[in-house]
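These entries record what I looked up in the structure shown below, element by element.

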Amino acid sequence: MSAKKKIAVAAGDGIGKEVTAEAIKVVETSGAAVEFTTFDWSADRYLKDGTTIPADGFALLARDFDAILVGAFGDPRVPSNIHAKEILLGMRFKMDLYANVRPVKLLEESLCPLKNVKPEDVDFVVIRENTEGMYVDVGGVFKQGTADEIAVQEDVNTRKGVERVIRYAFEYAKTHARSGGRPRQRVLMTDKANVMTYAHGLWQRVFKEVSKEYPEFTAEHMYVDALCMQMVRDPRQFDVIVTNNMFGDIITDLGAGLQGGLGMAASGNIHPGKTSMFEPVHGSAPPIAGKNIANPIGAISTAAMMLAHLGMNREAEKIDRAVLKAVREKKITGDVGGNLGTREAGEWIARNL
Ligand code: NAD
Ligand code: IPM
Ligand code: MN
């Protein structure tokens, strides 16, 4: 019997391919008991034969794999981005991976664009609803191409969807201390209920209800515009932030900025008990693709998240420590102040596990 965990890999497009190769190299060197199977779902594949992901692809992933490691999807040769929609959003929606967990963690002071901010000051997690909201692709256009054109895009928020992700945020806060070991104490829900009265009114009501089940946490609320300002003014105040799909997308790029840029940010798309998917927050970055300059740390930290999710905490911690060492010793790519290439940075981390 093989005890190895089975990982499906879809590196995708652009720098997705480069950074995923480094993440795999690091995981293999860490000694984690995993077995990778690579899938070529990507823009290249789509342009070749018109397929994005096979019809049985999601069932196959759920049945035969313990986790999925993804790079990034997006290619200027596919302007509709249909393959990204079908593969990436397909995994999130069709596999019901409802909690998108995006840690915002500063590894070293020099990486943060803010003044006088220590690593322990930026250590919060955004839990982004991942299966509904403005991403449901419900809507349409009317009288397209005329002066009377109308475009409608629906924002779908269900009681079940809102409740489970809010509960996930509290459970996450319970089980994931800050890096120094200090327990998380605050869970903040952010929305725009002052304008989106129906959709975010539901979020408000559900948050109030669910937070009563977790009296040990301070339950807080901010409108998302004010939150953006506070993330930049004083990131120390946040432990766990829970929000809808679209706001979660936007504030996690802002969060990546606090960590040193998109190349540093990791994420997991999770449904407890189901095959979950792990991907860096960044995209395929076409302008820097194929140049061996993309930062592999977001992808490598993502792989560490995946191993921790699969119960391989020792290997995950080993990788996190080597990443931290790379950052401290500047054995990193140019975007974060080093002078190594993508491959060389990945190799350095693998050698220093
Ligand atoms: P992007 O994240 O690809 O790039 C934004 C900026 O960050 C660029 O300046 C880029 O060079 C830089 N950057 C990103 N990752 C980096 C890394 N690892 N190292 C160094 N610099 C890095 O976002 P974009 O330009 O808005 O989108 C490009 C394509 O990627 C689009 O097709 C978009 O839809 C897609 N996208 C995909 C995902 C995903 O697959 N999860 C996420 C975001 C964007
Ligand atoms: C992300 C990306 C995706 C999103 C795109 C590529 C569909 O920006 O993972 O943050 O909007 O969720
Ligand atoms: Mn995004």
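I count a contact when heavy atoms lie within 4.5 Å. Helices (H or I, at least four residues) and strands (E, at least two) are DSSP runs, numbered from the N terminus. The model is a predicted one: local features need pLDDT of at least 70, side-chain atom pairs count only at pLDDT 80 or more, and totals for chains, interfaces and linings use all residues. Residues are numbered from 1 along each chain as its sequence is written, chains are lettered from A and ligands numbered from 1 in the order in which they are written, and side-chain values use heavy atoms, with hydrogens and water left out.

**Entry 1: helix α10**

I checked the length of α10 (residues 313–328) first. With 1.5 Å a residue, its 16 residues should span 22 Å, and the end C-alpha atoms are 22 Å apart, which agrees; the expected span is 1.5 Å times one less than the number of residues.

I then listed its buried residues (under 20% relative accessible area; exposed is over 50%, partly exposed in between; 1.4 Å probe, protein chains only). They are Glu 315, Ala 316, Ile 319, Ala 322, Val 323, Ala 326 and Val 327. Viewed down the axis of α10, these buried residues fall within an arc of 140 degrees, so they line one face of the helix. The arc is taken from the directions from the helix axis to the C-beta atoms. Arg 314, Arg 321 and Arg 328 are exposed on the other side of α10.

The buried residues of α10 pack against α1 (15–30), α9 (297–309) and α11 (342–351). After α10 comes Lys 330, with a positive phi near 60 degrees.

**Entry 2: helix α11**

I looked at the partner helix next. Thr 342, Ala 345, Gly 346, Trp 348, Ile 349 and Ala 350 are buried in α11. The cover over these residues includes α1, α9 and α10.

**Entry 3: nonpolar cores**

I defined a nonpolar core as a set of buried Ala, Val, Leu, Ile, Met, Phe, Trp, Tyr and Cys residues joined through side-chain atoms within 4.5 Å. The largest has 83 residues, and Ile 127, Ile 166 and Val 242 have the most contacts inside it. Beyond its neighbours within four places in sequence, Ile 166 is in contact with Trp 203, Val 206, Phe 207, Val 210 and Val 242. Another core, of 18 residues, lies apart from it and includes Phe 58, Leu 61, Val 70 and Met 91.

**Entry 4: Asn 130**

Is Asn 130 buried or exposed? Asn 130 counts as buried because its relative accessibility is 0%. I found Asn 130 in the loop between β5 (123–129) and β6 (139–142).

I searched for polar contacts (pairs of N or O atoms within 3.5 Å; within protein, one must be able to donate a hydrogen and the other to accept it, and residues adjacent in sequence count only if both atoms are side-chain atoms). The side chain of Asn 130 makes one with the side chain of Asn 269 at 2.7 Å and one with that of Asn 100 at 3.3 Å.

**Entry 5: ligand 1**

I took residues as near a molecule if one of their heavy atoms lies within 4 Å of it. There are 19 residues around ligand 1, of which Phe 73, Glu 279, Gly 283, Ala 285 and Asn 295 come nearest. An oxygen atom of ligand 1 lies 2.9 Å from a backbone N or O atom of Phe 73. A polar backbone atom of Asn 295 is 2.8 Å from a nitrogen atom of ligand 1.
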